[in-house]
Amino acid sequence: MVTEPNVMFTPTFKYFCEKEEKVGRGNKFSMEAKGCFAVFLALVSITGAFSTTFTVKNNCPYTVWPGTLTGGGGSQLSKTGFELAPGASSSVDAPAGWSGRFFARTGCSTDSGRLTCATADCASGAVECNGAGAIPPATLLEFKLNGDGGKDFYDVSLVDGYNLPASITPKGGCSSTECRSNINSICPPQLSVKDGGGSVVACKSACEALREPQYCCTGSFNTPQTCPPTDYSKIFKDACPQAYSYAYDDASSTFTCAAGGNYDITFCP
């Protein structure tokens, strides 16, 4: 199912498309309007001008503050951050060709007069992230819409660490992907992020925690051949086999679907 085309009309073009004439009983489009509609369909077929709707759901027993970030220097979505109580959901529309990510902040408060969060904070000081991404560690839901071959590409990524379970479910029969496990409960001490009470609230990637090239796939480790999985990345992979566990974990972690569909994103699926 597709939503309303995201197409801009000039005033003249809009007037031309809206011309009607009465023929017999009821209104029918004039020949000019029919011609305009044909032009419109051609434009849609050429530009792929339909948008995608993401329905973001919170199945966690606590409030989360989802955020969005557009990649590649593109325009940010109309919602860059919002609050979701347990059981609540909200929709976000993205234009054709959009690429970016979703994440969810946890443990947020405004005690300081600014919104601050225990995990995945975007440091905007507000509910809206306004073009700022999640500070690791954070579970990421990544998308490239209408990519190569007219396909959407999507994945759940733990490359920047983990803060909560999440899933992506296409509406239309394509494969879902998820990380349902509570990795915080098995996070090694050297990767753990704890709150003021000593509870583990997030798990860093080895790259973020240790800052060494073999964990970050940088320097002489910047190819799939020279940067294999490590004991740390295997902790993430064993817990969430469908999710990206490190930079070159493509084979089992990237999913595709024909472009034009909509998606459910669920936190704590």
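**Entry 1: A120**

Where is the place of A120? I found A120 in the loop between β6 and β7. I noted that strands are DSSP runs of E with at least two residues, and helices are runs of H or I with at least four, numbered from the N terminus. The model is predicted, so I kept its rules at hand: local features need pLDDT of at least 70, side-chain atom pairs count only at pLDDT 80 or more, and totals for chains, interfaces and linings use all residues. Residues are numbered from 1 along each chain as its sequence is written, and side-chain values use heavy atoms, with hydrogens and water left out.

Next I looked up the backbone. A120 has a positive phi of about 55 degrees, yet A120 is not a glycine. Most residues other than glycine have a negative phi.

Is A120 buried or exposed? A120 counts as buried because its relative accessible area is 2%. The cut-offs are under 20% for buried, over 50% for exposed, and partly exposed in between, with a 1.4 Å probe and protein chains only.

I stayed in the loop between β6 and β7, where N130 lies. N130 has a positive phi of about 55 degrees and is not a glycine. N130 is exposed, because its relative accessible area is 58%.

P137 lies in the loop between β6 (99-105) and β7 (140-144). I checked the peptide bond from P136 to P137: it is cis, with omega near 5 degrees. Most peptide bonds are trans.

**Entry 2: the sheet**

What is the order of the strands in the open sheet of five? I read β4-β6-β7-β8-β13, with antiparallel pairing. The edge strands are β4 (65-70) and β13 (255-258), and each pairs on one side only. Neighbouring strands here are turned by 20 degrees against each other on average, direction ignored. Axes are lines fitted to C-alpha atoms, for helices over the stretch in contact, and angles run from 0 to 180 degrees between N-to-C directions.

Two strands pair if DSSP finds at least two bridges between them. I looked at β7 and β8 (residues 151-157): five bridges join them, and they run antiparallel. K144 stands opposite F153 in β8.

**Entry 3: D93**

I moved to D93, in strand β5 (residues 89-94). D93 counts as partly exposed because its relative accessibility is 44%.

Which residues does D93 touch, not counting residues up to four places away in sequence? I listed T52, T53 and L77. Contact means heavy atoms within 4.5 Å. The side chain of D93 also makes a polar contact with the side chain of T53 (2.7 Å). A polar contact is a pair of N or O atoms within 3.5 Å; within protein, one must be able to donate a hydrogen and the other to accept it, and residues adjacent in sequence count only if both atoms are side-chain atoms.
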